[in-house]
Amino acid sequence: MYSSAEPRIFRARRVITPSSPSADAVAVLGDRIVAVGDADDLRRSLPLARLVDLGDAVVTPGFNDAHVHLSMAADNELQVDVSPAEVSSLAELTAKVGAAARSEPVDGWVRAFGYDDARMAEGRRLTRWDLDAVTGDVPAIVLHVACHWGVVNSAALAAGGITDESLPPSGGEYGRDATGRLDGVLYERALNEFAYGHVNSAGGPVVPQSRFDDRVEALGRVVRRWHAAGVTSVCDALVGPDDIRLFAAAREQGLLTMRVGFLLAAEHYDTLRRLGLRSGFGDAGLRFVGVKTFADGAVGGRTCLLDEPHHGTGDHGIQVLTREELADIVRAVHGDGNRVCVHANGDRAIRLVLDELERAHREMPKPGLRHRIEHCSLVDDDILGRIRALSAIPVPFGNYVHQHGGRLIDWYGEARVERMFAHRSFLDAGITVAGSSDHPCGPVEPLLAVQSMVTRTGWDGSVVGAGQRVSPAEALSVYTTGSAASTGEEGLKGSLVVGQLADFVVLEDDPLEVPHDQISKIAVRATYVGGTEVYARE
């Protein structure tokens with residue numbers, strides 16, 4: 001063990017820092033960086049420091065995922081995994097769900113996650129009748145990987161009081177077959193109210209939550225796994241009061257060794273408003289970042305709101321909030337001096353968001369208040385110019401080219417994928433851009449996201465939007481300094497420079513030098529948060 005008052009010098013083959021391109025060492029005192037540079041120089045200037053020799057490793061700033069779902073990932077630890085890594089057909093999926101239904105599921109429900117309809121061998125979507133055949137009267141829900149729609153069985157529909165005559169809530173839809181019968185698919189707000197009511201609905205959900213103590217333990221497992229991928233900070237992009245309580249309990253038990261910011265669901269904003277809290281409330285370990293709401297649906301779920309229809313269809317997607325609802329939320333949150341964080345994937349949705357952000361800034365100027373556009377997936381020159389003028393921060397998917405590959409071209413066409421997840425366009429326009437996995441909607445590993453941004457090559461070998469490629473150094477900055485700026489913490493973390501938090505990752509090789517298609521294969525040797533080792537490869 002070491003004393004927090006004991007300075008340490010970490011020496012490696014290379015330390016990636018903007019302050020010195022030739023640095024091979026970083027000195028740490030307590031939880032802060034006190035020097036960066038040449039190891040011999042640091043040893044002379046800090047003769048009492050203990051040397052930690054990392055050999056031929058490369059040290060980078062800790063990876064910061066600016067839009068991820070930590071609380072949801074903890075819940076998924078307690079559910080049935082039907083992701084493509086586990087099943088490749090509806091037959092395999094229903095077999096797993098059926099087995100869970102027969103094993104006395106917790107709270108009497110089967111909950112499954114990760115279903116990817118585009119990777120099923122049968123070439124069709126899951127329906128309530130598929131589930132009914134294996135679950136009987138046990139209610140079941142299977143969430144799509146994009147988390148913007150899911151499939152429930154007949155018992156679950158009955159539990160929610162939903163019949164063939166039911167009308168969906170505004171901003172949501174019920175799937176139906178050719179005869180008009182409910183097929184079990186719940187889209188957008190219909191799913192939110194059914195499954196996520198404890199987070200982003202005025203009422204409670206139909207689907208019961210997992211037991212609190214189980215969630216705390218599961219969160220600890222997720223944190224350890226993410227540390228092994230080099231993650232030191234995250235922003236949970238949608239939480240309710242129960243999730244904040246989850247983080248606090250995990251922290252008290254020593255399980256929350258990752259720095260966590262969070263976006264509070266707008267449905268709970270009045271509670272926070274009464275307390276008078278502002279964006280940035282908290283500390284370096286747990287803080288309130290902003291308020292989250294939704295303008296449209298998902299890229300992978302094919303429900304995002306587009307100017308032109310989804311490729312090969314007449315469908316423009318789903319607008320989740322009316323313009324009036326969106327305006328009310330933006331006006332209230334901005335007016336209080338808090339950060340507005342609006343989910344908007346499609347270009348039509350992004351324009352709606354920009355309209356309201358511009359109006360709020362015009363009517364209630366708040367210099368320095370930087371709002372976020374979550375995902376901000378499909379842009380053009382007009383959108384780029386408006387984002388830059390607002391100093392807003394887009395938080396696009398870092399991994400979605402890898403995650404979806406050529407299916408993005410099938411869904412959106414060649415021309416549009418050149419404007420999707422537009423890291424190159426954002427950076428060229430002088431826009432601060434943050435890194436995001438949106439896990440569990442995409443893989444959490446930051447090095448995989450860096451590779452995806454650099455190569456624009458999917459899991460299937462398809463090149464998707466090659467014009468948006470960035471350099472490894474740019475991709476690394478997106479996942480470090482860009483993410484820190486998106487939570488208002490650019491002065492606190494994101495760079496290995498004097499005065500910032502000693503959050504860093506020890507890598508087996510140099511992400512700036514290996515072949516671009518090998519970046520994701522670099523092993524993480526160790527991860528440090530505030531100078532404390534939170535992961536070490538065995």
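This is a predicted model: local features need pLDDT of at least 70, side-chain atom pairs count only at pLDDT 80 or more; totals for chains, interfaces and linings use all residues.

Colleague: How many helices and strands does the protein chain have?

Modeller: There are 18 helices and 22 strands.

Colleague: What share of the residues is buried?

Modeller: Buried residues are 61% of the 538. The accessible surface is about 19,700 Å², and carbon and sulfur atoms hold 50% of that.

Colleague: Charges next. How many positive and negative side chains are there?

Modeller: The chain carries 54 positive and 74 negative ones. The centres of the two sets lie 3 Å apart.

Colleague: Let's go inside. Which residues have the most contacts within the largest nonpolar core?

Modeller: That core has 80 residues, and the ones with the most contacts inside it are Leu70, Leu219, Trp226, Phe247, Ile387 and Phe426. Helix H12, residues 347-363, gives the most to this core, with 7 residues. Another core, of 34 residues, lies apart from it and includes Ala156, Leu191, Phe194 and Val401.

Colleague: Back to Phe247. What is it in contact with, beyond its neighbours within four places in sequence?

Modeller: Its contacts there include Leu70, Leu219, Val239, Leu256 and Phe262. Ser71 and Asp236 are also among them.

Colleague: New topic: Arg339. Buried or exposed?

Modeller: Arg339 has a relative accessible area of 11%, so it counts as buried. The cut-off for buried is under 20%. Arg339 sits in the loop between H11 and strand S17 (340-344).

Colleague: What does Arg339 touch, leaving out residues up to four places away in sequence?

Modeller: Among others, Ser279, Val289, Leu369, Arg370, His371, Arg372 and Gly488. Gly488 is 149 residues away along the chain from Arg339, with 9.5 Å between their C-alpha atoms.

Colleague: And Thr313, where is that found?

Modeller: Thr313 is in the loop between strand S16 (286-294) and helix H11 (323-335). Its relative accessibility is 42%, which means it is partly exposed. Thr313 and Trp411 are 98 residues apart in sequence, yet 9.2 Å apart in space, C-alpha to C-alpha.

Colleague: Last one. What share of the contacts with a separation of 6 or more joins residues 24 or more positions apart?

Modeller: Such pairs account for 73%.

Notes
Residues are numbered from 1 along each chain as its sequence is written. Side-chain values use heavy atoms; hydrogens and water are left out. Helices (H or I, at least four residues) and strands (E, at least two) are DSSP runs, numbered from the N terminus. Buried means under 20% relative accessible area, exposed over 50%, partly exposed in between (1.4 Å probe, protein chains only). Contact means heavy atoms within 4.5 Å. Accessible areas come from the Shrake-Rupley method with a 1.4 Å probe; for residues, only the protein chains shown count as cover. Lys and Arg count as positive and Asp and Glu as negative; His and the chain ends are not counted. The place of a charge is taken as NZ of Lys, CZ of Arg, CG of Asp or CD of Glu. A nonpolar core is a set of buried Ala, Val, Leu, Ile, Met, Phe, Trp, Tyr and Cys residues joined through side-chain atoms within 4.5 Å.
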